[in-house]
Amino acid sequence: MSNNRENAYDLYHEWKAWTEDSFGVGRPELHAAYASLLRRHARISDGCAIDFGFGNGEMLATLRASGFRAIGVERNRYLCEVASRKGYDTIESLADERLPASGTLAVVTAFHVLEHLDKK
């Protein structure tokens with residue numbers, strides 16, 4: 001991945017105007033929609049859940065409020081630092097050894113992620 005692309009991830013929170021105060025705070029209808037998806041599709045209602053590309057943390061907050069241990073994967077270091085200060089476990093890469101084994105996860109989510117992947 002080029003430096004320009006990595007710099008874009010590093011500044012993504014600025015472009016979106018996401019701050020520490022707004023982390024995990026979203027429109028109530030968004031949290032309700034996420035919670036509804038969890039109720040319909042999660043096989044259990046607790047355990048470890050991972051959200052890929054957690055961005056401003058709306059899904060992390062919904063996972064936590066729904067009883068899951070929420071872990072976030074995000075390339076933006078600032079967002080990882082903010083999430084950590086808010087008490088979430090975060091990792092920046094799938095290569096991170098702290099990534100839970102797939103058999104131990106109750107829920108895996110990835111909203112607004114595919115549009116960031118290269119076609120290669």
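Author: Buried means under 20% relative accessible area, exposed over 50%, and partly exposed in between (1.4 Å probe, protein chains only). Helices (H or I, at least four residues) and strands (E, at least two) are DSSP runs, numbered from the N terminus. The model is predicted, so local features need pLDDT of at least 70 and side-chain atom pairs count only at pLDDT 80 or more, while totals for chains, interfaces and linings use all residues. Residues are numbered from 1 along each chain as its sequence is written, and side-chain values use heavy atoms, with hydrogens and water left out.

The helix is α5, residues 77–85, and its buried residues are Leu79, Cys80, Val82 and Ala83. Seen down the axis of α5, these fall within an arc of 165° (taken from the directions from the helix axis to the C-beta atoms), so they line one face of the helix. Their cover includes α2 (12–16) and β3 (89–91), where contact means heavy atoms within 4.5 Å.

At the N-terminal end, Asn76 caps α5, with a side-chain oxygen 3.0 Å from the backbone nitrogen of Tyr78. Just after the helix, Gly87 has a positive phi of about 95°.

Note on methods:
A polar contact is a pair of N or O atoms within 3.5 Å; within protein, one must be able to donate a hydrogen and the other to accept it, and residues adjacent in sequence count only if both atoms are side-chain atoms.
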